[in-house]
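Hi,

Here's the structure I promised to send over. Have a look at it first, and then read on for what turned up.

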Amino acid sequence: MHKDNLYMKRCLQLAALGAGKVAPNPMVGSLLVYRDRIIGEGYHEVYGQAHAEVNCLNSVKEEDRVYIPDSTLYVSLEPCAHYGKTPPCADLIIRSGIRKVVIAMRDPFDAVDGKGIEKLQQAGVEVVLGVEQEAARELNKRFLQFHEVHRPYIILKWGESVNGAIATKDKKPASISSAQTNLLVHQWRAEEAAILVGATTALMDDPSLTVRLVAGKNPVRLLIDPELKVPRTNRLFSGEAPTVIYNYHQDGKEEGIEWVQLDRQTPLLDQLLQDVYQRKLLSILVEGGTKTHQEFMASGYWNEIRRIQSRTVVLEGGYPAPIITDAREVKIFCLGTDRLIYYQTLSPR
């Protein structure tokens, strides 16, 4: 493997440390290498704070700072060229005297989108683009979905019994997943910007939809409740996380809760996803129920399915799990008493 690929893989490892902490910004990692020796490394740690390149250059020890101009900077996403919450990283690179920058991929965000690369090249910096690009795209798939397709990245997730049921026959919740899987699910929640359920799931399960078993930020809770059937006593109104209720009857706000009135004549999911996009929420974890999952699949508005299949729990006559369509299986593994099966859509919209 070429050394540029090895260094970029390290950038991507660093970048991933920002998962759940930097959205709506992308995850970015950076290395500074002098004669095959890493003298600095950093990543974008928290939204609104220093970018990866800044943290990388700041990490260089005093005795190594003299080598900065003769070093190669590796960064997993094109350096920014605009003033946002922080100054342009391209300007910092140029001021530092660095003469070569290796970049995994171009940034599709309108304020960047090639402008950082152009600024570097105009200043005489050699730019190498496309090293480990596929891995970089996979890491920031939510960010790319948001800026290239203009909708959030959507993950459908459910747990089902051996015989393909997600609840009892009268839709009552049942304990299906193992303790190990439940821990992983809470990690998934911490990694996404929003989490969504339909009214039936809210009524039957009374879920909190918060992050409890791992350290992490609660996602924004989204509830599809067209006729406002979910009572204020439901845990979704607890105030533990911001909650948005999509309905046909009212708009309104109070502390931590917002009602968004939709048009009955326009497809519900079209309106919901446009609203989520305007809120700059890069991803949604859809947790149910079966009807809601089927609506997302039928519309083509999904990217990934995470199906948790118990190997021990049987729910005789149980309420059926969603039927997966237009998908390909990409990964399967076992955790505790469960099989976890990942799918990708064949026709993303």
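What share of the contacts in the chain with a separation of 6 or more comes from residues 24 or more positions apart? The figure is 68%. Keep in mind that this is a predicted model.

On the overall picture: the chain's secondary structure comes to ten helices and 17 strands. Its radius of gyration is 23 Å, close to the 20 Å that the globule rule gives for 349 residues, so the chain is as compact as a globular protein of that length. As for burial, 52% of the 349 residues count as buried.

I also looked at one helix pair, α3 (residues 89-96) and α4 (residues 115-122). Their axes come within 9 Å and cross at roughly 20°. Angles under 35 degrees count as roughly parallel, and α3 and α4 are therefore roughly parallel to each other. The crossing of α3 past α4 is right-handed. On the α3 side, the contact is made by Ala 90, Asp 91, Ile 93 and Ile 94, while α4 puts in Gly 116, Lys 119 and Leu 120. Sorted by class, that contact of α3 with α4 has four nonpolar residues, two charged and one polar.

That's it from me for now.

Cheers

How values were computed: Residues numbered from 1 in each chain as written. Predicted model: local features only at pLDDT ≥ 70, side-chain atom pairs only at ≥ 80, totals over all residues. Heavy atoms only, no water. Axes fitted to C-alpha atoms, helices over the stretch in contact; angles between N-to-C directions. Helix = DSSP H or I, 4+ residues; strand = E, 2+ residues; numbered from the N terminus. Parallel < 35°, antiparallel > 145°, perpendicular 65-115°, else oblique. Left-handed = near helix turned anticlockwise from the far one by under 90°. Contact = heavy atoms within 4.5 Å. Nonpolar A, V, L, I, M, F, W, Y, C, P; charged D, E, K, R; others polar. Rg over C-alpha atoms; globule rule 2.2 N^0.38 Å. Buried < 20%, exposed > 50% of the residue type's maximum accessible area, 1.4 Å probe, protein only.
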